[in-house]
Amino acid sequence: MRSPTRMLVVLTALLAGLVWAVGCGEQPAEQPGPQPVTGDPYVIGAMFAITGDASSLGIPEKETAEMLEQMINGDGGINGRPLKIVIEDTTGDNAEALKAARRLVEGNDVLLVVGPSRTGTTMAAVEYMEGAEVPLISCAAGIDIVEPAKKWIFKTPQTDRMAIEKIIEYMAGQNITRVASLSDSTGFGKSGLREIEKLMPAAGIRVVTKEEYGPKDTSMETQLTKIRGTNAQAVVCWGTPPGPAIVAKNLRQLGMDIPLICSHGVANETFLKIAGDAANDVVLPAGRLIVVDQIDADDPQRPVLEEYAQEFSKRYGKSADTFGGHAWDAVKLAALAMGQAGEDREAIRDAIESTTDFIGTGGVFNYSAEDHNGLTKDAFVMVKVVDGKWKLAR
Amino acid sequence: MNLPDAAQLLQYLISGLTLGSVYAMIALGFTLIHNATGIVNFAQGEFVAFGALIAISCSTTLGLPMPLAVLIAVAGVALLGAALERAAIRPARRASVITLIIITIGASIFLRGIAMWVWGSDALPMRYFSGDEPIGIGGASILPQHLWIVGIVLVTMAALWVLGEKTQVGKAMRACAVDRDAAQLVGIPASRMVMLSFALSGMLGGLAGAIVCPLAMGQWDMGITLGLKGFAAAILGGMGNPVGAVLGGVLLGILESLGAGFWSGLKNAIAFAVMLIVLLARPSGLLGARGRQ
């Protein structure tokens, strides 16, 4: 009986190998772009969560970085020299992110590093990057990355503080003064809750109850039932899909008709897809990218957003997303700084810090010694889901 | 802190009962394999995830009718269970229990990887079995899906009871659980019974996943949490006792729901607190272990 079993195992392994090989073959082949630029390249590093459970962030970021490398080189490079981006995979894991940072800095001698995708992986690399004195432009949202400002660390995405400030502005317009908060127990949810507790009471909005759920919970009926027993006028749900989608569904099921306000963490197609009908009427702060066709024609960001959206969908056949946009901003910012400062890391860092009026997909950036994020709450617009589509809420 | 009113309490109980039924199914899967082999199958949660994901693929992507989608999911995961036993457990059957348990942990990681590779890392939606109009009961409100879940779990339990008590196969499985060597001496093919227990566990896990995913969505790593909840339920009821598994599942569901009603930050700690308390205070669980020496 032993040999047939072994045969089976071997067969399964072979089959798995075959399937894997076929899967790898599907990856798009690198298209050779025109390379009019000559000379030694400016080498920068990038690390994203290309695999692992944050790969929905990392994949568009990697794709955007690769696209920009080609676009920049096709457009004369940087100071007439090509840009080369060495990309590493953090797998969304803190230890792997640190290793990736070391490989980039020590193995590839990069001028700066773009990424990583997550707050946790960024924080894991911060100390090392500070010690190595190599600029890092993170694509993660957490406010801890830039607060307090660290000499070599910058970031492009908006923070949850800006999102909550935007929500408070929206609530003032809707005369909402009592809310229930429902946040997930991840770092993202906890950080959001901390800002809600700090900013909302200061703005005269009472948080009548603070509920929590696990990111893998299958039902939030209990928490919502409890909220139903309060006089909250809206639910503020802080989490990333699938949690808020389940909350939206449970809210319907319980027949509660108070507005559901979500975080910018649900501003992606996944949320619309999994929440289905229940997504309708959900309100959230979001970058302008998802409503690029609806923003004012004279919005300074409109040309950049349109360029990114068009180039991305032309190249990859899918729509551009906010996370890829963070990488767009980071790589563009890096290119801009290197264009001014050349190959000196300290000078590059200084150039990033003194960048103002840089128009990106996430907003109009004004960096300074104190502000290594460069954005305000106006990097966000309020968006409402109507008939399963994003609609700018005015 | 405000005490919940009657309608809220009823809602907590109903939510808890629904989730608890799902935990009970998963706990039963643990129990079946434990009785047949003495091991804890840590890939049980992945059975649930595969059940959910296969059902979603069949129903959403292929557009098959719901009953067929669920059937394919259940059959598929039953096969997966049997294959797991043949490919990973049986070749190591002379190894110690702890080795076998570690093999199941390896299998769970492997299956999770496969699930993420096939279905991606995003959550996937699934439509309700029937209707999305909530039904009001005394101030509480439930979905038809809740009724489906509780109903299907009840029918499954009944079918399992009939299988265990009334059929030759069931009696043979129980005999193996009581004393494997003695069972073999009277001509029961014990190794086939082990495979059958894996297939049945797969069936239960697959069914649990298929009925819960319209509420909870399907995601590659959903098995981690659900598997642990089912494990906690099995410990609570008494590992090895099917009635205990059901009782433990339902109790855990209700405890979680009530607990979250008081302090929602506590919800996911409850399963582990229960597990620790039971292991410290009454290691044999509520109903003790039946079917072990």
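This report looks at the contact between two chains and at selected features inside them, in a predicted model.

The size of an interface is often given as the accessible area lost when the parts come together. Chain A and chain B bury about 3300 Å² between them. Carbon and sulfur atoms carry 52% of that area. Chain A gives 37 residues to the contact, and chain B gives 42 residues.

Polar links cross the interface too. There are 17 residue pairs in polar contact, both partners at pLDDT 80 or more. On chain A's side, several elements give two or more residues: helices H1, H2, H7, H8 and H9, along with strand E7. H1(A) supplies the largest share, seven residues. Sorted by class, the side of chain A that touches chain B has ten nonpolar, 14 polar and 13 charged residues.

Two salt bridges run between chain A and chain B. One of them pairs B:Lys267 with A:Asp217. Their closest N and O atoms are 3.8 Å apart.

## Helix H8 of chain A

How many of the eleven residues of H8(A) are buried? Ten are, so the helix is largely enclosed by the rest of the structure. Among them are A:Ile246, A:Val247 and A:Leu251. The buried set also includes A:Lys249, A:Asn250 and A:Gln253. H8(A) spans residues 243-253 and is one of the elements that touch chain B. After the helix comes A:Gly255, with a positive phi near 65°.

## Salt bridges within the chains

Over all chains, the structure holds 28 salt bridges. One joins A:Glu66 and A:Lys62, at 3.7 Å from N to O. Why can this pair be described in terms of a helical turn? The two residues are four apart in helix H2 of chain A, so about one turn separates them. A:Glu66 is buried at 18% relative accessible area, because buried means under 20%. A:Lys62 is partly exposed, at 25%.

A:Glu169 and A:Lys377 meet at 3.2 Å, N to O. They are 208 residues apart: A:Glu169 is in helix H5, and A:Lys377 is in the loop between strands E12 and E13. Both count as partly exposed, A:Glu169 at 38% and A:Lys377 at 24%.

Chain B has B:Arg174 bridged to B:Glu165, with the closest N and O atoms 3.7 Å apart. B:Arg174 is partly exposed at 37% relative accessible area. B:Glu165 is partly exposed as well, at 28%. Back in chain A, salt bridges with shared partners join A:Glu147, A:Arg161, A:Glu195 and A:Lys198 into one network.

## A buried arginine

A:Arg161 sits in helix H5 of chain A, which covers residues 160-174. Is this residue buried or exposed? A:Arg161 is buried, at 17% relative accessibility. Its side chain makes a polar contact of 2.8 Å with the side chain of A:Glu195. Beyond its neighbours within four places in sequence, A:Arg161 is in contact with A:Ile143, A:Glu147, A:Glu195, A:Lys198 and A:Leu199.

## Aromatic rings

A pair of aromatic rings is described by the distance of the centres and the angle of the planes. Eleven aromatic pairs are found over all chains. In one of them, A:Phe312 and A:Tyr316 are tilted, with 4.9 Å between centres and 45° between planes. Both residues belong to helix H10 of chain A, four residues apart, so about one helical turn separates them. A:Phe312 is buried, at 1% relative accessibility.

Rings also gather in a group. A:Phe154, A:Phe358, A:Phe365 and A:Tyr367 form one aromatic cluster.

Terms used. Residues numbered from 1 in each chain as written. Chains lettered and ligands numbered in written order. Predicted model: local features only at pLDDT ≥ 70, side-chain atom pairs only at ≥ 80, totals over all residues. Heavy atoms only, no water. Contact = heavy atoms within 4.5 Å. Buried area = accessible area lost by both parts, 1.4 Å probe. Salt bridge = Lys/Arg side-chain N within 4 Å of Asp/Glu carboxyl O. Polar contact = N/O pair within 3.5 Å; in protein donor to acceptor, adjacent residues only side chain to side chain. Nonpolar A, V, L, I, M, F, W, Y, C, P; charged D, E, K, R; others polar. Phe/Tyr/Trp six-rings, centres within 6.5 Å; stacked < 30°, edge-to-face > 60°. Buried < 20%, exposed > 50% of the residue type's maximum accessible area, 1.4 Å probe, protein only.
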